[in-house]
Protein chains: 2
Amino acid sequence: MAQEERIIATYRVKASCRDIEEKAHDICLEQTVEVTDELVRDQWIRERIVGTVEKICQRADESYEVIVSYSENITGYTLPGLLNVLYGNVSLKSGIMLDNLELSRTFTSRFGGPRFGIEGLRKLTGVFDRPLLAAPLKPLGKSPEDLGRLCYELALGGIDLIKDDHGLADQSFCPFKERVNACLDAIDRASRKTGRRALYFPCIMDRYEIMEENILWSREQGAGGILVSPMIVGMDFMRYISRDDRFGLPVMAHPALTGAFLNVTHGISHGVLLGTLMRLSGADMVIYPNFCGRFPFTRNSCITVNEALKRPFHGMKSAFPVPAGGISLSSIPELRELFGLEVVFLVGSSLFSRSSDIRSNAEHFLSLVK
Amino acid sequence: MAQEERIIATYRVKASCRDIEEKAHDICLEQTVEVTDELVRDQWIRERIVGTVEKICQRADESYEVIVSYSENITGYTLPGLLNVLYGNVSLKSGIMLDNLELSRTFTSRFGGPRFGIEGLRKLTGVFDRPLLAAPLKPLGKSPEDLGRLCYELALGGIDLIKDDHGLADQSFCPFKERVNACLDAIDRASRKTGRRALYFPCIMDRYEIMEENILWSREQGAGGILVSPMIVGMDFMRYISRDDRFGLPVMAHPALTGAFLNVTHGISHGVLLGTLMRLSGADMVIYPNFCGRFPFTRNSCITVNEALKRPFHGMKSAFPVPAGGISLSSIPELRELFGLEVVFLVGSSLFSRSSDIRSNAEHFLSLVK
């Protein structure tokens, strides 16, 4: 029988040289057997279930890099199982940051990843030679008719992907089905004029009972994809809808609620959470707050997310990074330089505030990446 | 028309006296319209959609208490919508802690909360005059037969609630159905001897596609409840299974992955996350790491969780706090004094390491609360 491959998790652990070995071993126990060392009497459990400390390296900042390997088998080969083994119980401790994650090809293949990925979205949009442009339908509080009008102008101006704001649900002032219909009508009308069809992504954030139905219905109406917030509706829900053929729509992931993990000393690194895990969970595009916007992300964090979404990953499709969160139009040329061709720029406030002529603002946005 | 009631969220915000007003207003925008102030041109949106700063108070520790009210309507009256409005985008900022949450009676009634609660679990166990006792089936790696034997001894010894370890899924070394059958057989055999029936809680952590089926099947077999990790499988999934009549089983919530939120300066407070939100989401019992155990929870944090699960909350049933995470048997008398009658003590390592006679260990555990 072939040797089972291992999950390789790198943690950054705050510890002194006196207690780092104990803390490292403690992670191995806590994430697997959840009992003290003395109670692991069975040799097989000790060797095959408890995590193994592979390496401990001191870092310059008085923390340690601890590499732990886990049996793939203990996850049950599911995403919830993986999340739990990587960070379930140690999340409740302190000074432990999951910094890096490596998975075997066999393990990775159980998940599938993005159905469309960068390549698929290029085909769907017909745009191959520049970054894609995205814009949100804002602000919350507008009626379906008003959002439809906005959607029309954005589509006329050449925006490729038009998405609901992630707080749009099924509110009385903007019912889900009325909104989706109004926006898809707008997309249709604009495409008859331009000859190109923008993809519209309705936000699916509702009670568990009706999310699937809403996706199926959206697809029937002609939605171009869907927007979900996986930390709110469940990472494995996103994996499920991205892989099930009945849905078959591109998935754009919003980072709502993920921020609590993106702490400097305790949590999950930007690259692992917004990069590797989102991609593994089937996101075709991952929105994250860009540096220099309204959120305190660093340039380096953004680069690690980009890399994790696009690096070779056992044949899994790449996902589009979608920098957002207060990008100004004036920074687009510089960002294009930094992020390269394979990126989606999502711009809201700066696009809407440029002038009252939304169509012309969108055309200007487009001119910046051509 | 009656005035709409408001969601009252209290944030603890790190700021200077120069920028606190701006930061407070920024929360109101970020959690609702997600655009800059100038772009909120519609008066109705400004008044009815954007959050309102109700109060700002300086605290002793150079942070500020900021009370923000939100329209209930913008949540779509769903749990995902509520989570998003409370902390979705600001999670991606820094120095913002959601410290307290007040909801109206009408809003609360949309969720339902615990189906059984403390009162229901008292009836199901037939125990009214002492804390309930719980024990986990550990460690991960044992076979269904071994876990069944452990379950038998625990039930014979008088444990009220026997739960899977939360890492137990459907692993090849311990398949879900074999394990549930082995444990329920053990419960049956023990109950024929003792005349009392312990409740067995299998862990439901699997692919999205089969969790519901696994719960229905477990119920048919005679499971006493189910264990879920809502931050991993979805808070709204927990609400759904707790309220849907087809399931109808008590729900025990495990805090895996919640720890990243329980930061001192940025996240969601213990009382709100493990207390109010878990209760609102239908948990009948909430496991949390007790102070003095393997996790760095303070005594005060534990008290706030207890209070939030049991305080009067618009007629919603109370949920059982379940302190765990390294409780020693010797501390039970003191903890009983502190937490009172309405608590479930979940003890693992200390129970198993007392002697090799698990049944006698369980009897001793029981003697400590009688």
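1. Aromatic pairs. In this predicted model, 16 aromatic pairs are counted over all chains. The rule takes rings of Phe, Tyr and Trp (its six-membered ring) with centres within 6.5 Å; planes under 30 degrees apart are stacked, over 60 edge-to-face, and the rest tilted. W44(A) and F173(B) are edge-to-face because their ring centres are 5.8 Å apart and their planes stand at 70°. This pair crosses between chains: W44(A) is in helix α2 (residues 43-48) of chain A, and F173(B) is in the loop between β6 (161-164) and α7 (176-194) of chain B. Helices (H or I, at least four residues) and strands (E, at least two) are DSSP runs, numbered from the N terminus.

2. Conventions. Residues are numbered from 1 along each chain as its sequence is written, while chains are lettered from A and ligands numbered from 1 in the order in which they are written. Local features need pLDDT of at least 70, side-chain atom pairs count only at pLDDT 80 or more, and totals for chains, interfaces and linings use all residues; side-chain values use heavy atoms, with hydrogens and water left out.

3. Exposure of that pair. W44(A) is partly exposed, at 37% relative accessibility. F173(B) is buried, at 12%. The cut-offs are under 20% relative accessible area for buried, over 50% for exposed, and partly exposed in between (1.4 Å probe, protein chains only).

4. Ring cluster. Ring pairs join Y208(A), F237(A), Y240(A), F247(A), Y208(B), F237(B), Y240(B) and F247(B) into a cluster.

5. Charges over rings. The criterion is NZ of Lys or CZ of Arg within 6 Å of the ring centre and within 35 degrees of the ring normal. R110(A) lies over the face of Y77(A), 3.8 Å from the ring centre. In chain B, the charged end of R311(B) is over the ring of F313(B), at 4.9 Å from its centre.

6. Sheet in chain B. Five strands form an open sheet with mixed pairing, in the order β2-β3-β1-β4-β10. Its edge strands, β2 (52-58) and β10 (267-268), each pair on one side only. Pairing requires at least two DSSP bridges between two strands. Strands β1 (residues 6-14) and β3 (residues 63-71) of chain B pair in the antiparallel sense over nine bridges. K14(B) stands opposite S63(B) in β3(B).

7. L150(B). This residue lies in helix α6 (residues 144-156) of chain B. L150(B) is buried, at 10% relative accessibility. Leaving out residues up to four places away in sequence, L150(B) touches P136(B), L137(B), K138(B), F352(B) and I358(B). Contact here means heavy atoms within 4.5 Å.
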